[in-house]
Amino acid sequence: MNKLLLLLWILLSACCLEAQIIHRSGVSSEKPTDQNLIKHYYQLGLQYKNGDGVPIDYTKAYENFKQAAVLGDDQSVYSVGYMLYKGFGCQQDYKQAAAHFAQGAY
């Protein structure tokens with residue numbers, strides 16, 4: 001019985017500690033909104049494109065910009081167009097780039 005109580009106490013302590021860590025880190029347990037996802041994908045795209053804290057990877061940058069563009073972010077649509085125009089992380093395609101530039105123009 002004592003072992004069971006000890007195990008229960010350890011499990012509850014671990015859960016409380018995890019909750020404190022999450023609270024302090026500012027990570028929300030709520031379902032992310034489209035705006036949060038757009039920001040997340042766009043920022044990841046920038047990081048991979050520029051090598052900010054990660055190795056430069058144009059393919060990952062392109063994919064993240066595309067994810068944000070699908071969610072409706074004009075800046076990401078424009079970034080996808082830029083990647084298509086330059087052929088960074090994808091096959092160069094001027095026609096698709098022009099369509100993205102027109103759609104994402106600000």
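This is a chat about the helices of a predicted model and the loop residue Gly51.

Colleague: What should I know about the numbering and the model?
Modeller: Residues are numbered from 1 along each chain as its sequence is written. The model is predicted, so local features need pLDDT of at least 70 and side-chain atom pairs pLDDT 80 or more, while totals for chains, interfaces and linings use all residues; side-chain values use heavy atoms, without hydrogens and water.

Colleague: How many helices and strands are there in the protein?
Modeller: Five helices and zero strands, taken as DSSP runs (helices H or I, at least four residues; strands E, at least two) numbered from the N terminus.

Colleague: Where is Gly51 found?
Modeller: In the loop between α2 (34–50) and α3 (58–70).

Colleague: Which residues does Gly51 touch?
Modeller: Leu46 and Ile56, leaving out residues up to four places away in sequence; contact means heavy atoms within 4.5 Å.

Colleague: At what angle do α2 and α3 pack?
Modeller: About 160°, with the axes 8 Å apart. Axes are lines fitted to C-alpha atoms, for helices over the stretch in contact, and angles run from 0 to 180 degrees between N-to-C directions. The two helices are therefore roughly antiparallel (over 145 degrees; under 35 is roughly parallel, 65 to 115 roughly perpendicular, the rest oblique).

Colleague: Which residues make that contact?
Modeller: Among them are Ile38, Tyr41 and Leu44 of α2, and Tyr58, Ala61 and Phe65 of α3.

Colleague: New topic: how far is Gly51 from Ala61?
Modeller: Their C-alpha atoms are separated by 9.8 Å, and the two residues are ten apart along the chain.
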